[in-house]
Structure formats: C-alpha cells, structure tokens
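Thanks for coming. I have one structure to walk through today, so please have the sequence and the model open while I talk.

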Amino acid sequence: MSFPSSTCMTVQLSQSILACLGSTAKPANHKHPLERGRRAAASNLLVHTHSGKFKMEAEDEVGAALVAKNKTTSIIWRYFGFRKDDVEQSVVLCRSCFAKVATKQGSTTNMYHLKQHHRVLYEECLAMKDTAGTSGACVKPKQGRIADAFSSKMPYESASSRHKDITKAITYHIVKDMIPVYSVTKDGFQKMVRTLDKRYKIPSRTYFNQEAIPQLYNECKMNVVSELREMDYFATTTDLWSSRTTELYMSLTVHFITKNFELKTRCLQTSFFPAEHTGDNIVHEMRDVLADWGLQEDQQVCVTTDNASNMIKALKENSWTRLQCFGHRLHLAIENAVKGDNRISHATGVCKKLVCHFSHSWKKRVTLEQAQKRLNLPVHGLITECQTRWGSKLLMIDRILEQQKALAEVLSDDRNTRHLILGYQDLDVLESVSKALGPLLEFTDALSGEDYVSVSHLKPVLSLFNTTLLTPKEDDTDLTKSLKKKMLEYMNSKYEDRDTQELLDAASFLDPRYKTQYISENSVLPIIKARLVSEMMTMELKNAPECIREEVPPPPTKKTKKSLASFFKSSTASATAAVDPTAAIDAELNSYLLSSTLDNEEDPLLWWKTHKINFPRLSNMARKYLCVPATSSPSERLFSTGGNIVSCERSCLKPEMVNKLVFLAKNL
C-alpha cells in the first residue's frame, strides 16, 4: 500500500520524534507511566501533523533535545545537533527540520544545508559571525610555549625592572606612611603582595634596612640638594626634642621661595644631640648642618624659634636675626594673663575634674549621651586640656558651657558627684574667659601653615589685636577686660625689639596686599625704603663683574677718510649715558607704591610671579623676606613625625636611621 508524500513525511517525523524521546521496543504491559505519557504526546503530534497542523512548541522541544558537538564553541552548532544516544556523534541533525545532514567527519563549516533550506537562519548565522569577528568559530587562545608557561610561574629576577619597581614602591610605603620595616615579614602583608603579583618575592627586612631605605634616602637627598642650589635666600626653624627612649635630637627645617615663586619647605636634618644644650653647642651644631648642605650663613634671612633662653643666647652670640614664634608668644601671653587669678584657677580645676570623671566611667558617658538627646543638645564628648596648647583649654571650657545642662542633670542624680556641678560664679568666670580668648583661637592655626606666606600677616594681626579683638567692649565683664588688657600689653612689649620690627615692616611692605597700610609712623617708611635700597644695591654689585678689564688700544693704522656717519658717532655715544642704579631702584620703589593694592584673599606670590618683569629687584627682595615662617611649627611637626617613627615597638632604632626616616617622611 502506497502512502501519499505527506503521509510518508509524517511517518518519518514520528519516528524521529520517538527516537529523540528515547523510545525503545518494550512490551506494552511493562511500559512506565512517564513513558506512556511521552508516547501519548507523540501520538497527538502525529494526529495534528497528519491533519496539516504543525505545532511549534513540539518542534522546539525536540530541537532542544538535541545536543551540540562536544568540545566546540562554533556558532554553527546552534542550528545543528546530535541525538543524546548518539555517543559517537556521527549523525548530524538539523534543529529546524530534524533532517539528517551529510557532513564529512561532523564538519558543518560549509553551511550548505542552511543556505539551501533555511535562508533566514543562514543570514542570521552570517550576521552572528560578522559580529563575533571570526570565520565561524570563536577564537581560541593559542597554545603557549613550554618556556612561557614556566616563565609565568618563575619569580622575577632581582635585577629586573619589575622587581625594582615593586621594591621601590614598598620602600616608599614604609618611609612615607611611617610603618615598621618588619611589616614586610608579616603574613598579611606578604599575602597582599602575592595576590597583587605572584611572581614577586619580597626581600628580607635586612635588605630594606641596609639597602632600599639608604638608597631612597640618597636619591631624595640629591633632589633636595639640587633645589637648594637654585635658591638665593632662605629662612630656618629649629628646636630640640627627646624621643621615647630619652635620646635628644635637634631638628632643622629650611624655607625658601623659588625663582618661579613657589614657597617650599624642606627638612634638612634630625641630628642626634647628646651634648649639653648650651648656646655655644647649639650654634656649633647649626653651623655644621648648614655646612653639610652647602648653605652660606649670609643667605640666611632669619631663624624662627621658641622663647627658650639657650636658643636666644645662641642666635644672639652668632649675630643671626631671630624671629620669635608667634604661637609660643601668644601662649605665654594667655598663661601670663590667667596666672594668679584664683577664680579662673578654681573654675578650670572643676572643669578638669569633670572631664576626668566622665573619661573614667563608661556608664556616665552613656548616661550623658542620653541626657543630651533628651535636652536636644549636640551629642558631643568632653575635651581634655593639653598644657602646651592654650587652645585646648578654651575648647574644654566651651564644651562644658555647651553641655552644662546635661552635665548638671547627670551629676545631680548621684550624691557622690553633686559637688562637681558648676555654680553660677564658676559659670560666669568661664564665660568671661571664653569671651576674651575665643577670638584669638583661629590665629595660631592660620599662622602655623607652611604652604603659604605667613610672616607678612604678623603686623596686620598685631594691629587687629590693638584695634578690635583685645579692646574692651561695653558688655564685657571686668574679668574679660582685665584679661584683654594683660594679653595686649604682653604682646606689644615682646614685639618692640628693633630688629624684629624692621623684619616685620619689610615683610609687610613687600606684600602687595598690605604695603604701607600697617606701617604706623611716617618716619618708619623712609627707614624701610633705605634698607631695601641698600640691599638691592648690594645685590647689584654682587651680580656685577668683579673687575672691569682695561681696554688695550689697538695698534695705529693708516688714516682713512671719515664717513658722514662717523661725525655723529661720538655725539650719540655721549648722549647714551649709563643709567644710575640708585635712580632705577628709586623709580622701581615708587612705581610699586603707586600700583594697586592686591585683595587680601589673593596670593602675593602669584602677584609677584606676574609682575617680576616690572619689578625685577623688588621681586628678589620679596623672595628674601616672604619666605620666613611666622611660627616654629615646622620644627614641632618633626617632633610628631619622630614620635610616630620612634614608637614603643621601634625603640631600638639608631639615630642615623631616625634621621633618614624623618627626612624621607617629610621630603618625599
């Protein structure tokens, strides 16, 4: 019996479907329920197919049942596959029409079947290939050489550039962040380095101590030396301090303005100073440091120090200009004003006890925080006073005044702490002290910077003290007025020194923001101008050639006939007379005074950088005087750096290594 062509196709399709579903010849009475359901689904598909209704869901299910070729990522196998039971994958089936595709050893690169029977899928496959940028198969990584495989696992050689770069980066991290050298031996640090680069092998801590850090120190020192060679004038700060191991050091910092008008600060040395701290020994040590760095004493404009008697004596005996640290002077002025007043001593003593009580009891701190929230007060902790920083005393007082209600509520609940509650008399005293000292708090921090000009601010600040901040107000209490008067008298008396006044006047004059604004007397301006003229004349002579060679007259020659131009040559030469340097300097000074004043918020160094062409001599004077720091904070910052380096865990560091580590931490 012959079947129509459509019926033959149906029978073939049913056989393919049953084969894909894994049908096998088994007795009817032994069929599994799931198998019976699958055969029923296939029978339903045959019925619909025989009636001419193809179901796309069934086709998709059968196509999905085909598996792709093993060990390949080619795009073409999205359209072809193999039956699951075709272990050897010898019969290629189309996922769309389930027809057997004749290929050679399972290759489908010609895509002939898709091109002939499924034109849409063929174009889709071509588009996917173009997008992937391949010729039909995903690019596979090429097999590397055995030598490359071994080299990717072998550690870097110590002479390789990669090993040197990583070692230098670790050394920079050690010295800049002031971490102990033995950190390189810790498991956590080594694991981090292995994660970043498995081929890098960390050198020993001995290598960093004896090789890497000294090498980085020498490189940094050469850079600093090259910078110092380019400067014309410099100022210094110095101070003495002791480490945790009670070893004594003397630090020296240098400050200068480059020819491009950039203010720079460099730490020169942290010298081990076991000798007695006399003025002679200090001067001798400072001279040795300057000589080691090739600095001339006549280039040094000023030395900013604290008020220690040995420092004052050392600079006076050496005839070096000294500027007293404004921060130390203001601290002493405040301490002198509050000293001897029992009311202030009692009130501040109670404040210290309050801070101590809450700092030793976590329960009280929790109770205080709850009271602050109930009273809608800021949740702030109390501040401890530091004896060497007057601003900490003011901050302690202000915080206690801010939290007075919360403190009274917490202390009143405990009978043993009620005596710490501040009375109204103590509160009045604290408010008077806060009102007198409050306006002065920001000046110490503002004048302690290293990255901007600060010395020219001293005259304006002292003028502001005399005219506004420390003048009595109508609503001031008697205690506030008394404190202001004592502080003002102390500050004025300490800045009456003639050398100090001339230095501050010159710095203020050369600051285009102030000029003559804070020069009080008319008789002072001629003195300042005469000083600057004298220094600029000295600079002119210094830069001029040491001697002028006498011109030897040429041998007599045959007399020639004069030209017409030769008659005017002598008259022109006589008319062009040499310019008097004194007149040129005076003209430059007058032109500078007539120029517009710079706004107070502008940078004076940027102004001088722009106008140095118009004022070549005065710009050099600005570089000379504006580099002086107003405080000795740069040297004191070295104390903090040294304290972070010579810690309890690193107390055995030798002074030579301490000097190198402090130098690198500040100059890198």
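Where does Phe261 lie? Phe261 is in the loop between β5 and β6.

Before I go on, a word on what we are looking at. This is a predicted model, in which local features need pLDDT of at least 70 and side-chain atom pairs count only at pLDDT 80 or more, while totals for chains, interfaces and linings use all residues. Residues are numbered from 1 along each chain as its sequence is written, and side-chain values use heavy atoms, with hydrogens and water left out. Helices (H or I, at least four residues) and strands (E, at least two) are DSSP runs, numbered from the N terminus.

Back to Phe261. Its phi is positive, about 60°, although Phe261 is not a glycine. In general, most residues other than glycine have a negative phi. Phe261 counts as buried because its relative accessible area is 7%. On that scale, buried means under 20% relative accessible area, exposed over 50%, and partly exposed in between, with a 1.4 Å probe and protein chains only.

Now the strands on either side of that loop. β5 and β6 (residues 263–272) pair in the antiparallel sense over 9 bridges; two strands pair if DSSP finds at least two bridges between them. Together β5 and β6 form a hairpin with 5 residues between them, and Phe261 sits in the turn. On its other pairing, β5 meets strand β4 (residues 234–242), antiparallel over 8 bridges. The hairpin of β4 and β5 also has 5 residues between the strands, and there Thr246 takes a positive phi near 60°.

Asp239 stands opposite Ser251, and in β6 the bridge partner of Ser251 is Thr270. As for cover, 9 of the 10 residues of β5 (residues 248–257) are buried.

Strand β2 (residues 92–94) is joined to β3 by 2 bridges, and Val92 has Val101 as its bridge partner in β3.

Next, the loop between α21 (498–509) and α22 (524–543), where Arg513 lies. Lys515 is in the loop between α21 and α22 as well. Is Arg513 buried or exposed? Arg513 is buried, because its relative accessible area is 5%. Lys515 is buried too, at 4%, and its phi is positive, near 55°, in a residue other than glycine.

Arg513 also leads us to Glu601. The two are 88 residues apart in sequence, and their C-alpha atoms are 8.6 Å apart in space. Glu601 lies in the loop between α24 (581–594) and α25 (604–611). Glu601 counts as exposed because its relative accessibility is 72%. With Asp599, Glu602 and Asp603, Glu601 gathers in a patch of negative charge on the surface. Such patches are made of residues with over 30% relative accessible area and no salt bridge, with like charges joined within 9 Å and nonpolar side chains (Val, Leu, Ile, Met, Phe, Trp, Tyr) within 5 Å.

That brings me to salt bridges. How many salt bridges does a search of the whole structure find? The search finds 29, where a salt bridge is a side-chain nitrogen of Lys or Arg within 4 Å of a carboxyl oxygen of Asp or Glu.

Take Lys435. Its side chain meets that of Asp475 in a salt bridge at 3.1 Å, N to O. Lys435 lies in helix α17 (residues 424–437) and Asp475 in the loop between α19 (458–469) and α20 (478–494), so the pair ties together parts 40 residues apart in sequence. The side chain of Lys435 meets that of Asp476 in a salt bridge as well, at 3.2 Å, N to O. Lys435 is partly exposed at 35%, Asp475 is exposed at 56%, and Asp476 is buried at 6%.

The last pair is Arg617 and Glu540, whose side chains meet at 2.8 Å, N to O, in a salt bridge. This pair links helix α26 (residues 616–625), which holds Arg617, to helix α22, which holds Glu540, across 77 residues. Arg617 is partly exposed at 21%, and Glu540 is partly exposed at 30%. Finally, salt bridges that share partners join Arg498, Glu502, Arg531, Glu535 and Lys624 into one network.

Key:
Areas by Shrake-Rupley, 256 points an atom, 1.4 Å probe, with all protein chains shown as cover. Lys, Arg positive; Asp, Glu negative; His and termini not counted. Charge placed at Lys NZ, Arg CZ, Asp CG, Glu CD.
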